[in-house]
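Good morning, and thank you for coming.

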Amino acid sequence: MDIPLRSRRLWIAATAVAALVGVVGVVAYLVPDRAPRAAKVSPTTAAPTGAPVTTPAAVPPPAGLPVIDYSPAPTGFPADPEPAGRTRTAEGLHARTNTPLYDAPGGRPLAYLAPTILGVQVTVPIVARRAGWLAVLLPSSNRTIGWTPPDGDWDVTPLRDQLVVHKGSHTMEWYRDDALVKSWPVTLGTKVTPTPLGRTFVLGRSRLPGEVYADTDVFALGMIPDDPEAVPAALRGAHIGIHTWYNDHSLGKDDTDGCVRLTKSGQQLLLEEISPGTSVVIVE
């Protein structure tokens, strides 16, 4: 997690950087995804033969409902029912307008999912369906879902890829259409600032020029530190990221503030192939 982002600026500071060049702030920005989106797809819900399906009505959102941004998401949403689920999330949802998210089908609206965060289109993985409602992983939150009603103004996009990080073996695997494509050794968070467990997703990418990041873009994930106070002060408010580093000396070790580091060639390959919304699962 070497990528805090506030007020359209993403400031980088890490102890490894301090050892190399002193504590630095590097300005970067999330890069919009330009891949075409699929047309809206209506959700389907399976039901026992002969049993009618009742779609719970959506309560109108109250005035002043918060909008999820890069800061930690509002609380009150339910936990991901399968935080270590390895089944690929094959579809992602992109809101075309501010779309209310509820704590359950027909439940309480708690926040809006915006079409963009800091100007970057946001695609969130769809992890469950119930009576026409869709459950999605939340950005800026860990192991948390929100429900959007069937009449929401959104598009559904197919997702082919999945990244699985194994903390025990310090490896990351890339799957496409459920087939293993490639794996890499990775560096993970220390005991004080561990890489969080659970399902998350690629929120966007950032340009971080300079030797420390090997002049290679970074993936910002929807995940944030489990204990924001444990990270260095300059990193508070940060998201967990996937990126390369100026050397490979720490691969296979616990040496980051929570981020996932891999080789430069591996990061460059993923930047060419992985789209926003792709699920990332971090398991023991």
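Predicted model: local features only at pLDDT ≥ 70, side-chain atom pairs only at ≥ 80, totals over all residues.

Of its 284 residues, 52% are buried. Among contacts between residues at least 6 apart in sequence, 69% link residues at least 24 apart.

Let us turn to the interior. In soluble globular proteins, nonpolar side chains tend to be buried together. Here the largest nonpolar core contains 29 residues, and L93, L101 and V124 have the most contacts inside it. Several strands each supply at least two residues of this core, including strand 3 (91–95), strand 4 (99–102) and strand 8 (124–130). Strand 9 gives the largest share, five residues. As for L93, its contacts beyond four places in sequence include V124, I126, L134, V136 and W154. A second, separate core has 20 residues, among them L163, M172, F219 and I240.

Finally, I would like to consider helix 2, residues 264–273. Which of its residues are buried? They are G266, Q267, L270 and L271. Because these residues cover an arc of only 135 degrees around the axis, they lie on the same side of helix 2. On the other side, S265 and E272 are exposed. The buried residues of helix 2 are covered by elements that include strand 12 (161–166), strand 13 (171–176) and strand 17 (218–221).

How values were computed. Residues numbered from 1 in each chain as written. Heavy atoms only, no water. Core = buried A, V, L, I, M, F, W, Y, C linked by side-chain atoms within 4.5 Å. Buried < 20%, exposed > 50% of the residue type's maximum accessible area, 1.4 Å probe, protein only. Helix = DSSP H or I, 4+ residues; strand = E, 2+ residues; numbered from the N terminus. Contact = heavy atoms within 4.5 Å. Arc of directions from axis to C-beta.
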